[in-house]
Amino acid sequence: MQILALQHYLAVGAIMFVIGLIGFITRRNLIVIFLCTELMFQAVAINLIAFSRFTGNLAGQAFVIFVLVIAASEASLALGLVVLLFRQKNTLDADAWRELKW
Amino acid sequence: MLGVVSTLAFAVDAGSADYIVKPMIILLLCVLGGIGTILLLPGPKQSAGLGGVLLALAGLAFGLIIFRAAAGTVNSDTGPYFWIFAVIALVGAVRVITHARPVYSALYFVLTVFASAGLFILMYAEFMAAALVLIYAGAILITYVFVIMLAASAQSPSDRSPLASLAECDLVSREPFTAACVGFALMGVLLFVILDKADQLTPPLPPAAVTTLMPEEAVHGSTQSIGQYLFQNQMVNLELSGLILTVSMVGAIVIARRRVVGVDQSFEPTVETISSTAAPVNDDPHSIPVYGTTNPRQKSFPQT
């Protein structure tokens, strides 16, 4: 019972992580790119909670708190940067900042 | 060619008793889901319906296989809720990356967050579920929606077609084929490892070991035990997370308050961003009139 149920949650987390990864690569809107990052954080949080539940260890739930902290600070900093970038080029297209590749 | 076919056939046949889901079936479902995702992603082609059907078929087949494999072993009474929340979370996640409008992406992400909170509750982590809803759906997503509204480009009111007001970067996705190949290959490997090799990764705990590792109230998700764990075992990390939050708050203020000089010629300065100078600060303390005090030095100022 326990192992298979753990695998259920891990499968959900893996699928959600991959969906976020694909969105991160394909979308060109800066805000949606950061939204996909949050999606990947979410998948990792599901995995951590599942391991915490099925191995009987509270460390997983504690790590989810730290993941939330990092996600919140990342969101605030990234959205501030997005506002700054939008003011310079007047577009949210990530390709407008193509010169940053070099 | 024949060798490839025989290898595939061997891979399909090999160890069918050992695998919960055969690796080739996972691979085929991932290919199907990848094609569906390519069609669903915003692009010039108009075949999103077919992509949605393909993706739904792949997901349904995968779910049925898992469900059938788990039918004899899982005797959990929260099983239906797991399936409901998982389906809502994954459909919401797919809509996040495939919807052309950023506002709808953010709202579908809220849906995913709520479904994930439901999954957390199923795993007896109700404090995490509450924190997730509070922080993600309450704080982070509000910030996202505000930035989306701030950065919304001016719409032409004459054009009434539903997608005409969107920028080109929202309507055409970048490299959907490569991304789907990479992503669904990764998904295939992950699902193979999770479904078929996981019992080698984590040996099953007997119930007695679980109850000794985790007291009964902790098994049932007491917030108190999480707090005790955090403040006993993770004290420095907790303080550091508070420091990170403070630093990021200060950093976000510093970043967003910087006045932008128009380096790009296409940039049109607006009143709000450029030409408003900071209000001059009058740091003369006597310039603030004080009324109704008994201090004679302050009363000496005229009451205008």
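A salt bridge here is a side-chain nitrogen of Lys or Arg within 4 Å of a carboxyl oxygen of Asp or Glu. By that rule, a search of the whole structure finds one salt bridge over all chains. The pair links distant parts of the chain: A:Asp93 sits in the segment after H3 of chain A, and A:Arg28 sits in the loop between H1 and helix H2 (30-54) of chain A. They are 65 residues apart. The model is predicted.

**The salt bridge in chain A**

The side chains of A:Asp93 and A:Arg28 meet at 2.9 Å, N to O. Are these two residues buried or exposed? Both A:Asp93 and A:Arg28 are buried.

**The interface**

Chain A and chain B share an interface. On the chain A side, 76 residues are in contact with 100 residues of chain B. The area buried between the two chains is about 7900 Å². Carbon and sulfur atoms give 76% of that area. How many salt bridges does the rule find across the interface of chain A and chain B? It finds zero.

**Around A:Gln61 and B:Tyr124**

A:Gln61 lies in helix H3 (residues 59-89) of chain A. Leaving aside residues up to four places away in sequence, A:Gln61 touches A:Ile49 and A:Ser52 in chain A. From chain B, A:Gln61 touches B:Tyr124, B:Ala125, B:Met128 and B:Ile226. A:Gln61 counts as buried because its relative accessible area is 2%, and the cut-off for buried is under 20%.

B:Tyr124, one of those partners, is found in the loop between helix H5 (102-122) and helix H6 (126-150) of chain B. Phi of B:Tyr124 is near 60°. Most residues other than glycine have a negative phi. B:Tyr124 has a positive value and is not glycine. B:Tyr124 is partly exposed, with a relative accessible area of 30%.

| Residue | Relative accessible area | Class |
|---|---|---|
| A:Gln61 | 2% | buried |
| B:Gly63 | 18% | buried |
| B:Tyr124 | 30% | partly exposed |

**Chain B**

Chain B has 15 helices and zero strands. Of its 304 residues, 33% count as buried.

B:Gly63 lies in helix H3 (residues 48-70) of chain B. At 18% relative accessibility, B:Gly63 counts as buried, because the class takes in values under 20%. B:Gly63 and B:Leu238 are 175 residues apart in sequence. In space, the two are 38 Å apart, C-alpha to C-alpha.

**The largest pocket**

The largest pocket has a volume of about 810 Å³. Its lining counts 36 residues. Which of them are the closest to the centre of the pocket? They are A:Ile15, B:Ala58, B:Gly59, B:Leu60 and B:Leu90.

Which helix gives the most to the lining? H3(B) does, with 11 residues.

By type, the lining of the largest pocket divides into 28 nonpolar residues, seven polar and one charged.

Key. Residues are numbered from 1 along each chain as its sequence is written. Chains are lettered from A and ligands numbered from 1 in the order in which they are written. This is a predicted model: local features need pLDDT of at least 70, side-chain atom pairs count only at pLDDT 80 or more; totals for chains, interfaces and linings use all residues. Side-chain values use heavy atoms; hydrogens and water are left out. Helices (H or I, at least four residues) and strands (E, at least two) are DSSP runs, numbered from the N terminus. Buried means under 20% relative accessible area, exposed over 50%, partly exposed in between (1.4 Å probe, protein chains only). On a 1 Å grid over the protein atoms alone, a cavity is a set of points where a 1.4 Å probe fits but cannot get out, and a pocket is an open set with protein on both sides within 12 Å along at least five of seven lines; lining residues have an atom within 4 Å of a point. Grid points are joined across faces, edges and corners, and a volume is the space filled by probe spheres set on the points. Ala, Val, Leu, Ile, Met, Phe, Trp, Tyr, Cys and Pro count as nonpolar, Asp, Glu, Lys and Arg as charged, and the others, Gly among them, as polar. Contact means heavy atoms within 4.5 Å. Buried area is the accessible area (1.4 Å probe) that two parts lose on being put together, summed over both.
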